[in-house]
Amino acid sequence: SIAGVQCLNLSGHSKGHGYRTGQTFTGEYDHAWNAVYLDGRWHLVDSTWGSGSIDDCFSKFTFRYNEFYFLTHPALFINNHFPDNSNWQLLKPTVTLKQFESNMLYKSDFYKMGLLAVHPETPIIQTVNGKVAIAVESRSPMLFMFELKGAKEYSLMTLKRSGMNLELYPQKIGSHKLQIYAKSSKGSEELYTCVLEYIIECSSVDRNVCFPKELHQPVGHSWFTERQGFLKPSHRGPVINTNDGRCDL
């Protein structure tokens, strides 16, 4: 009322602090946000998430302005906000609760860094013959790293000018959390930020796969190796196959 802007309080389910990949939502709503009327139409705002975050122990709040959650496009806002009244999705057609539960969760930094898409687009991935393959697309060259929790893994991560590809071979049957981090290729002092999380459901282990223990990611030829001065390698792929244990590079 002070600013003269029409503002409504909205409530619903959210994929915020404490959210577990693939969980279902029942019972009371856990979050609230706002709709504001500007320039002849409604917009969505979450000033709570836009002001900072709390730690895992719910004991410390860190102020960190995040412009992403102010006047966010409805198609992105529905990624982690499901209102009790579907009209306030501001989408046609609207998203069902089941779709909301099964949709991939993209963190705000995913969009702020210029990342475009991932494959697969489901948060839970089943291994096929002990392997999963993940691709991330970006507007410009980015640096990536990853962490698979709860299991040793063999992996190959290759960089592209428009993203990265990851082949992962978990060495333990079960459910494992995979976190993917990214940062700009321009700022060497920048910290990596988590942009994606998957649950890897490993039903079998490929015992025939064995990579060196000290394998540094990313592997193979890329824009990153060209930046270091390596311009025309004889083998551009990350794996060189030999018949007699020798190769020319």
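I first wrote down that two strands pair if DSSP finds at least two bridges between them. Helices (H or I, at least four residues) and strands (E, at least two) are DSSP runs, numbered from the N terminus. With that settled, I looked up E9 and E15, which run parallel and are joined by three bridges.

**Entry 1: the model**

I noted that this is a predicted model, in which local features need pLDDT of at least 70 and side-chain atom pairs count only at pLDDT 80 or more, while totals for chains, interfaces and linings use all residues. Residues are numbered from 1 along each chain as its sequence is written, and side-chain values use heavy atoms, with hydrogens and water left out.

I found four helices and 15 strands in the protein chain. The C-alpha trace spans about 75 × 40 × 40 Å along its principal axes. I took buried to mean under 20% relative accessible area, exposed over 50%, and partly exposed in between, with a 1.4 Å probe and protein chains only. Of the 249 residues, 41% count as buried. For contacts (heavy atoms within 4.5 Å), I looked at residues at least 6 apart in sequence: 57% of these contacts join residues at least 24 apart.

**Entry 2: the sheet**

I traced an open sheet of four strands in the order E9-E15-E14-E11, with mixed pairing. Strand E9 (124-126) and strand E11 (142-148) are at the edges with a single partner strand each, so one side of each has no neighbour in the sheet.

Strands of a sheet pair through backbone hydrogen bonds, either parallel or antiparallel. I went through the pairs one by one.

- E14 with E11: E14 covers residues 174-184 and runs antiparallel to E11, with seven bridges joining them. Phenylalanine 146 has isoleucine 180 in E14 as its bridge partner.

I then asked how many residues of E15 are buried. Eight of its 10 residues are, so I wrote E15 down as mostly covered.

**Entry 3: the cores**

A nonpolar core is a set of buried Ala, Val, Leu, Ile, Met, Phe, Trp, Tyr and Cys residues joined through side-chain atoms within 4.5 Å. The largest one here has 28 residues, and those with the most contacts inside it are Leu115, Phe144, Met164, Leu178, Ile180, Leu196 and Tyr198. Several strands supply at least two residues each, among them strand E8 (115-119), strand E10 (132-138) and strand E13 (163-170). The largest share, five residues, comes from E11.

I looked up the surroundings of phenylalanine 144, not counting residues up to four places away in sequence. Phenylalanine 144 touches residues including Leu115, Val136, Met164, Ile180 and Tyr192.

I also found a second, separate core of eight residues, which includes Phe25, Ile78, Phe82 and Val95.

**Entry 4: aromatic pairs**

Rings of Phe, Tyr and Trp (its six-membered ring) pair if their centres lie within 6.5 Å; planes under 30 degrees apart count as stacked, over 60 as edge-to-face and the rest as tilted. I found 17 aromatic pairs in the structure.

Tryptophan 49 and tyrosine 69 are an edge-to-face pair, with 5.5 Å centre to centre and 80° between the planes. They sit 20 residues apart, tryptophan 49 in the loop between E3 and E4 and tyrosine 69 in the loop between E5 and E6. Tryptophan 49 is buried at 18% relative accessibility, and tyrosine 69 is buried at 8%.

Phenylalanine 82 and phenylalanine 100 are a tilted pair, with 5.3 Å centre to centre and 40° between the planes. Phenylalanine 82 lies in strand E7 (residues 81-83) and phenylalanine 100 in helix H2 (residues 97-102), so the pair ties together parts 18 residues apart in sequence. I read 12% relative accessibility for phenylalanine 82 and 1% for phenylalanine 100.

**Entry 5: cysteines**

I looked for disulfides (pairs of cysteine sulfur atoms within 2.5 Å) and found zero. The sulfur of cysteine 202 is 16 Å from the closest cysteine sulfur, in cysteine 210, which is too far for a bond. Cysteine 202 is buried, at 4% relative accessibility.
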